[in-house]
Amino acid sequence: MVFMVLGRTLSIASEAPPEQAAALRALLSSLEIRDERLTPAQLEHVAVEVAAQPGLWRDLVVDSPDRRWWIVLHRTANYEVRLLSWEIDQTSDWHDHGGSSGGYLVVDGSLEERYRARAGADLRERRLEAGESGCFGPAHVHDMAHRSGRPAVSIHAYSPPLTVLTTYEETPYGLTTSGIRLDDDRD
Ligand SMILES: [Fe+2]
């Protein structure tokens, strides 16, 4: 399946093997997701529902100490679901989501999220243990990092699907932009 999102051609509807991709499609269609932008709460719900069916994704997890690992489990024009693993010292670094909203659930291990609070220079952090979920809107800027688990595993949903992200660096004066990154940059 090939479709357009924000002017980009996305050729990958799922990187899961065909049978699992079909089962994921069936699960997600049972949620009766409408063909529109999903809210953060809806995205969190999607992540929770997918996480509750480990038979659909558990055997796909790759433990990679060398690079951050993830795959697309399901992608349509209005949302996508990804499976991520996190090893020691691995971090997403500071980034936004290019206007997308997101929801996630930590399946194994724990992650630490540092995030920008409403006031520009106000950075906060929280630890996310296995079983904990969360969500964020289109303005969210954060840095997620491994804290425990070999590997830590999490499931994320985004709407619309990620395209181009802005990266940031921390300065004494707050976060400043440092570049852009394509959503499929896996380093
Ligand atoms: Fe993120």
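What covers the buried residues of α2? The cover includes α1 (18-30), β3, β4, β5, β7 and β8. Helices here are DSSP runs of H or I with at least four residues, strands are runs of E with at least two, and both are numbered from the N terminus. The model is predicted: local features need pLDDT of at least 70, side-chain atom pairs count only at pLDDT 80 or more, and totals for chains, interfaces and linings use all residues. Residues are numbered from 1 along each chain as its sequence is written.

Helix α2 has 12 residues and reaches 17 Å from its first C-alpha to its last, close to the 16 Å expected at 1.5 Å a residue; the expected span is 1.5 Å times one less than the number of residues. Its buried residues are Q42, L43, E44, V46, A47, V50 and A51. A residue is buried if 20 or more other C-beta atoms, placed from the backbone, lie within 10 Å of its own, exposed if 12 or fewer, and partly exposed in between.

A51 lies in α2 (residues 40-51) and counts as buried because 23 other C-beta atoms are within 10 Å. Beyond its neighbours within four places in sequence, A51 is in contact (C-beta atoms, placed from the backbone, within 7 Å) with L105, V107 and I155.

Note on methods:
Two residues are in contact if their C-beta atoms, placed from the backbone, lie within 7 Å.
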